[in-house]
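Subject: Structure handover

Hi,

Here is the structure we discussed. Please open it alongside this note, and my findings follow below.

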Amino acid sequence: MRYRKLGKTGFSVSLLALGTVELGLPYGFYRPGESGIPDPGESIAMLLAAFEKGVNFLDTAPAYGESETILGQALQEWGQPGIRLATKIGMGKSREEIRASLRESRRRLQCEVLDLVQLHNPTAEELRIGCELELLQAEKEEGGIRAIGASVYGLEAARAALCRPQVEVLQVALNLLDQQMASGILPRATRCGVGILVRSALLKGVLSDRRHCLPPQLSALADAAGRAEKWARRRNLDLPAAAIRFCLTAAGDSVVLLGIRSRQELDAALRAAEEDLPPEALEEAGSFHIPDSSLTDPRTWPAL
Ligand SMILES: NC(=O)c1ccc[n+]([C@@H]2O[C@H](COP(=O)([O-])OP(=O)(O)OC[C@H]3O[C@@H](n4cnc5c(N)ncnc54)[C@H](OP(=O)(O)O)[C@@H]3O)[C@@H](O)[C@H]2O)c1
């Protein structure tokens, strides 16, 4: 496993980190008859296998159903220090509500200090005028959290987050079909010493054979993913492996958060992370970007 410094937080984290909404909530889209949430025992076994392979960074949120509880149980079973935990707080909360949310996260995760707490989906406006970052700063000074971040959608919110000095880590989406963060935001964040977490390498599973289950309104995504699959095959990769490798290479100094639900997906991700994409493949991959960002934003998709 390769490791990276996460901005100025002082954390050394694995290049591949695990996003864990998939472990706590029905998420994404499933083939007919498939169940949404894996069995908690299987999720814990998958997390322990990931720790064995050197993964040392997990992303969760109170809004992710049972995710924090499952992570807390996995960490107890693992029983060794060194796993960094990132969680979130919802927007529009009072100071007391934020304190309560952090207290509950610590209880579920069974830890005394939260390594990273991110604002969960703040808008640009909320980032400009909201007081949540000051409230988190006060929590940090009291010792309950180690670092502050923002997990955002879209360029405007990403730019607004980078204007706030409290933000030490920025979480954004980046994948073959949505490359809008690559040219402006990621280099700027790196220049500012802000750590970057890149999510949605598989665009919630669109960049896998699951694209065949997309509803007709999203056929443009399925078609683009089909073209990307032909490109991946020419490089002797399957589409998920090529998409993960694209993200790891295009994201520069970032850490890549993958939504993984099984041991097979974990093994596939670890294999994909062994190498970067060659420069000519990265250049070709630029042609898969869909300029209409509303199409690649899962919040605009019909219920799946
Ligand atoms: N606003 C926010 O803060 C926000 C928003 C979204 C996500 N996130 C974070 O980012 C994490 C990742 O979410 P995402 O939306 O970005 O998901 P993603 O990593 O783009 O895609 C995850 C989905 O891809 C499928 N998958 C994984 N590995 C695969 C493989 N090797 N082959 C085929 N399919 C594979 C899995 O579905 P199956 O198991 O069903 O195949 C999984 O549910 C979340 O867990 C969460 O922590 C944060």
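In what order do the strands close into a barrel, and is the pairing parallel or antiparallel? A caveat before the answer: this is a predicted model.

**The barrel**

The barrel is closed by 8 strands. Their order is β3-β4-β5-β6-β7-β8-β9-β10. The pairing is parallel. From one strand to the next, the twist averages 30°. As background, strands of a sheet pair through backbone hydrogen bonds, either parallel or antiparallel.

**Around β10**

Start with strand β10, residues 255-259. Of its 5 residues, 4 are buried, so the strand is largely enclosed by the rest of the structure. The cut-off for buried is under 20% relative accessible area.

β10 has a parallel pairing with strand β3 (residues 16-19), over 4 bridges. There, L16 sits opposite V256 of β10. β10 also runs parallel to strand β9 (residues 195-199), and 2 bridges join these two. In that pairing, V255 of β10 has L197 opposite.

**β4 and β5**

Strand β4 covers residues 57-59, and strand β5 covers residues 84-89. They run parallel and are joined by 3 bridges. F57 has R84 in β5 as its bridge partner.

**S67**

Is S67 buried or exposed? Its relative accessibility is 0%, so S67 counts as buried. The residue belongs to helix α3, residues 67-78. Leaving aside residues up to four places away in sequence, S67 touches T20, G24 and T60.

**A helix pair**

Two packed helices are described by the angle between their axes and the distance between the axes. Take helix α7 (residues 155-162) and helix α9 (residues 185-192). Their axes come within 11 Å and cross at roughly 10°. Angles under 35 degrees count as roughly parallel, so α7 is roughly parallel to α9.

Which residues make the contact? From α7 they are L155, A158, R159 and L162. From α9 they are I185, R188 and A189. By class, this contact has 5 nonpolar residues, 2 charged ones and no polar ones.

**To recap**

- The 8 strands from β3 to β10 close into a barrel with parallel pairing.
- β10 is largely enclosed, with 4 of 5 residues buried.
- S67, in helix α3, is buried at 0% relative accessibility.
- α7 and α9 have axes that come within 11 Å.

Over to you.

Best wishes

Definitions and conventions: Residues are numbered from 1 along each chain as its sequence is written. This is a predicted model: local features need pLDDT of at least 70, side-chain atom pairs count only at pLDDT 80 or more; totals for chains, interfaces and linings use all residues. Side-chain values use heavy atoms; hydrogens and water are left out. Buried means under 20% relative accessible area, exposed over 50%, partly exposed in between (1.4 Å probe, protein chains only). Two strands pair if DSSP finds at least two bridges between them. Contact means heavy atoms within 4.5 Å. Axes are lines fitted to C-alpha atoms, for helices over the stretch in contact, and angles run from 0 to 180 degrees between N-to-C directions. Angles under 35 degrees count as roughly parallel, over 145 as roughly antiparallel, 65 to 115 as roughly perpendicular and the rest as oblique. Ala, Val, Leu, Ile, Met, Phe, Trp, Tyr, Cys and Pro count as nonpolar, Asp, Glu, Lys and Arg as charged, and the others, Gly among them, as polar.
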